[in-house]
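Here's a quick briefing for anyone opening this structure without any background. Take a look at the sequence and the model, then read on.

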Amino acid sequence: MLFSSTSFLCFFLPLVLFIYYVFLRKNVWLKNMFLLVVSLFFYAWGEPKFVLVMVLSIVCNYFFGLLVAKDRRKLWIVLMLIFNIGLLFVFKYLMFTIYNINILAGANFTVPSIVLPIGISFFTFHSISYVMDIYRGKVEVQKNLFYVGLYISFFPQLIAGPIVRYNTIADQITNRKENFEDFSYGVCRFILGLAKKVLIANNIALVADKAFNTPSGELSTAMAWLGLVAYTLQIYFDFSGYSDMAIGMGRMFGFHFLENFNYPYIAKSISEFWRRWHISLGSWFRDYVYFPLGGSRVKSNGRLVFNLFVVWGLTGFWHGANWSFICWGLLYFVFITIEKLSNFEKRSTNLSWLKHIYVLFLVMMGWVLFRAADFTTASNYFQTLFHLNNNNLVSDMAILNFRENVFYYIAGIIFSMPVVAWIGEKFKDKTSSLTKTYQIIRPVIYFALFFLALSFIVKDAYNPFIYFNF
Amino acid sequence: MKYNAKKCIAIIFIGVLLVFGLLTSGKVFFNILLDKPAVLTFDEIDSLFNDDVFLKEGLINYNGGVRNILQQRIIRDADASNMIIKAGDGSLTSFMWEYDTKPRAQSVIALRDFLAKQDIPLLYIQAPYKVIEGYTQLPTGITDYSNADTDLFLSVLDEGVVDYIDLRQEAVADKLEPKEMFFRTDHHWSTKTAFWAFTKVANLMADNYGFEFNKDYLNLDQFTVSSYPQSFLGSEGRRVGRFYAGLDDYDFIAPNFATDISVNIYKENGEVRSQEGDFTEAITFAPLMDMTAAPSTNHYACYFGGDYPSVIIKNHNLHNGKILIVKDSFSLPFVAFLSTVTEEINMIDLRYFTKESLTDYIDEYQPDMVMILYNPSSLSGQQMFAFGV
C-alpha cells in the first residue's frame, strides 16, 4: 500500500487512527499488538506472500536477540549475519551473482526469476541493528516477540525507511505517551511530506522519465539537463517526502524517529552531503561497517582508503544489484577519500559557492549513473549532457517540458533549500502581527496542499516510489 | 482556549480523515457488496477507492483550476495515452501518433468486395478530427498525425475504388467555422456539426444510392434547436475539471415534423431496451437529457444513451430500405438524424459486437446499404476493422 493512495488516506489511516485512539489508548499491549497486525496487513496489501518472509525474519531475529543476550558469543552474530544477509542475498543479489558468474566463468547456470520483496533492504537492516545493539550492550533484549515484530514491521518506516535503530524506539514501544502536541506535529509533517511527494516529485518525474527513456540519438542537450535536474529534484522530494510522512505518522502514534534528510543539496562537500542525505543509512554503515573496520582512526592512509572503499562499495550495492549502483557508490568513495586525505572540509575559502557547485555537479553526475538503465545508457547520456555527440542543443521536447513544468522546477529548487525553516524563524516573534496572520492562514495553506495532493492521487496521476526498489 | 495553528490543522485533519474515510470506504464496500465480484485483487480495490472517493468531482475541479492558473497545456495521467492537451483556442483535445493505417483500409476494401458479391453498396464516411489542419494550435513539441494517418488510409481506399466521403474536406468546402465544429471539452463533434454531416450523407444516399425521402427534412428549419448554455462538461473536461477549460453549451436538435419511430437497443449482457414514439421519445435517453443535472452528465450521449453492440431504429413513416452502419461514438447524433429519412438503420459497434462475425451478420440481416462511419482515432487499431472477411 502506498501512503499516497486513496485506499491509504481514505481507509487505512483513518481506520487505524480511530481504533487506536478510541478503543485502545489506555493499554500499551493492545496498542502494540494492533499496530503489529495492521503493519502486517499494510505489507500484505501489496505483497501478500512476502509477509511470510517478514514473519520469518522477525521470528529468527527475535531468537538471535535472546541467544546473544544470554551469552554474547560471536557465533550467534555470525549466524545472525548469515541468516539476514543470506535472505537479502537470495532475494536481491542471487540473480545478479549468477548472471555475472555466467559471464566471467563462461558458465551457463540458469538465472532464476526472483521477485524482490518490497522493503527487504530496510527491514533486514532493522533486524541486524537490533541484534548487534544487544550484542554491544547498547540495548536490553526485547523478550516479547510481538514487540520485536512491531519494531521491524511498523508500517510508517517499513517499506522505505528511515532505518530506525532499536535503541531509538525501544523505550517508546513500552512507555510512549501520546499527546496532542506530538500528534499535531505529526499531522503537519505528514501533510508536507505528502505534498513534497505528490506535488513535486511525481510531477517532475515525468520529465526525468521522458529524458532518460528517450533514445540517445533523439535527446537534445537541453532536454538531457532538464531531465537530470528533474531527477535530482525527484529523488530528493520522493524520498524525503516519504521520510517526512513516516516521521509524521510515527509521531501521530507517539513514536519519535530521527531525521533522515537535512537539505542535502546545500552541502559544501561530498562528506557533508552524505551527512545530510539518507542519514539513517549513512549512520548505519558508519556504526556497523566503518567503525568496526577501524573508521578513520587507523594507522595508515592505506587502511583508511580500504575502509572507505568497503563502506561506499557496499552503499552502492545496497541500492541495487547492478554494476551501475556499485560504480555510483565507488564514485563517492573516490571523492570522499580525496576530501578526507586533503582535509577539504577544514580548508576555509571565500569561494563557498564554488564548493556548492562542486557538490551539486558531482551529485548530479552520480544521479546519471544511478538512474540510467545500464552503462551504455549512462555513457550516452553523459555525451549528450556535454554535447559530445551530434545531438541538437535544444529541441521542441525540451521547450515543451520546460514550459509545462517550470513551476515544479522553481518550487523544487526553492524547497530543496531550508526555506520552510527560514519562514519559521521569521515568524518566531509571536507578538508580531505578521506572525499572527501567518498562524491564521497556515491551516489554509496546509489544507490547500493536502487537497491538491489528494486531487492528483484521485486523478490517477503518475505515482512512482523510487526507494521501493531498494 | 489559545489559538494554535498546528493543533487547528490536526483537528481539521482528523475531521477530514473521518469524513473522507467514512464516506469513501462506505461507498466502496457498498459497491463491492452490490457487485459481489468473485475475486478482488488489491490493485482492483485501490482503483475502486480512486473511483469512489468522496468529493471526487470537486477534487478534480480543484486540480484543473490550479493547473489552469499554472498555465499548463498538457495534463498527463499514469496512463500516457490519457494525455489531454489544451489547444490554442482553449479547447481540449488529444492527439494521434503515426500509425500505418494501410491494413485498416485494406480491410475496408475486402468488406466492399464481400458486399459487392451481394450487390450491397458500401460507403465509408470519414468524420473529422478535433485537430484541424491550419487551425488547431498545439503546444510546441506535440505533433499530431491524425490528418496524415487519415490521408494515408483514404489514399488506399482511393486506390481500391471504395466510395467514401471525407467530411474534413467537405467542412472546408462548406466553410464550417472550425471553432464551432466540436465541443470545447469533448472530442466529439457538436450536435450541429453532426446534423450538417447527416445532410451531406443523406444527399449522397438520395443522389447516388437511390434512397427516396423528402429532402425538406434535410433543412435545419424543419428541426427545433434547444440551446442549453454552459450546461455540458465533455469527456476530456470531466478528466481535468470544469475550472480548467470551462463548460460547453449544448444544443439538442429534434425534428418539428411528425415522426413514428421504434428503437431496440441490444446490450452486451443480452438485455434489450425498447423505446418507441416520436423522435424524442424513441431516440433519447431521458437521464442524459436532463439539462438541470450536473454538467458532468454525458449529454452528448443523450441520443441512444451510449454505445452498444447493436441498435435497430425503425421509422414507421418510411419505406425506402435498411442501412447497416458500422460506427464509433460519432454516430450517436448522426444516426439519430439519419433515422428521420431512413426506414431502418442498424448501428453496429465492433468494440462490443462479439456474438458473431460482421459478415455472417450481414448475410442474415441483408441490408440495402452498408456504411462505415469512423473518426480518425478509430483508425489507430485493427479492432474496429475486424469485419470477418
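A:His278 sits in the loop that runs between α11 and α12 (279-293) of chain A, and its phi is positive, at about 40°, although it is not a glycine. Keep in mind that this is a predicted model.

- For background, most residues other than glycine have a negative phi.
- You'll find A:Tyr263 in the loop between α10 (221-252) and α11 (270-276) of chain A.

**Salt bridges**

- Counting over all chains, the structure holds 28 salt bridges.
- One of them joins the side chains of A:Glu259 and A:Arg189, at 2.6 Å from N to O.
- A:Glu259 belongs to the loop between α10 and α11 of chain A, while A:Arg189 is in helix α9 (residues 180-213) of chain A, so this pair ties together parts that are 70 residues apart in sequence.

**Where chain B meets chain A**

- On the chain B side, 46 residues are in contact with 51 residues of chain A.
- Together the two chains bury about 4,500 Å², and 70% of that is on carbon and sulfur atoms.
- How many salt bridges are there between chain B and chain A? The count is one, and the side chains that meet in it are those of A:Glu181 and B:Lys7, at 3.6 Å from N to O.
- There are also 13 residue pairs in polar contact across this interface, with both residues at pLDDT 80 or more.
- The elements of chain B that give two or more residues to the side touching chain A are α1 (5-35), α2 (42-52), α3 (56-69) and β1 (74-75).
- Of these, α1(B) gives the most, with 18 residues.
- Sorted by class, that side of chain B has 28 nonpolar, nine polar and nine charged residues.

**Empty space inside**

- Rolling a probe the size of a water molecule over the atoms shows where empty space is left.
- Across the whole structure, the search turns up four cavities of 30 Å³ or more.
- The second largest cavity has about 80 Å³ of space in it.
- Which residues line the second largest cavity? Among them are B:Asp89, B:Ser91, B:Lys130, B:Tyr135, B:Phe182, B:Phe183 and B:Arg184.
- By class, the lining of the second largest cavity has five nonpolar, two polar and four charged residues.

Definitions and conventions:
Residues numbered from 1 in each chain as written. Chains lettered and ligands numbered in written order. Heavy atoms only, no water. Contact = heavy atoms within 4.5 Å. Buried area = accessible area lost by both parts, 1.4 Å probe. Salt bridge = Lys/Arg side-chain N within 4 Å of Asp/Glu carboxyl O. Polar contact = N/O pair within 3.5 Å; in protein donor to acceptor, adjacent residues only side chain to side chain. Helix = DSSP H or I, 4+ residues; strand = E, 2+ residues; numbered from the N terminus. Nonpolar A, V, L, I, M, F, W, Y, C, P; charged D, E, K, R; others polar. 1 Å grid on protein atoms, 1.4 Å probe; cavity = no way out; pocket = protein on both sides within 12 Å on 5 of 7 lines; lining within 4 Å. Points joined across faces, edges and corners; volume = space filled by probe spheres on them.
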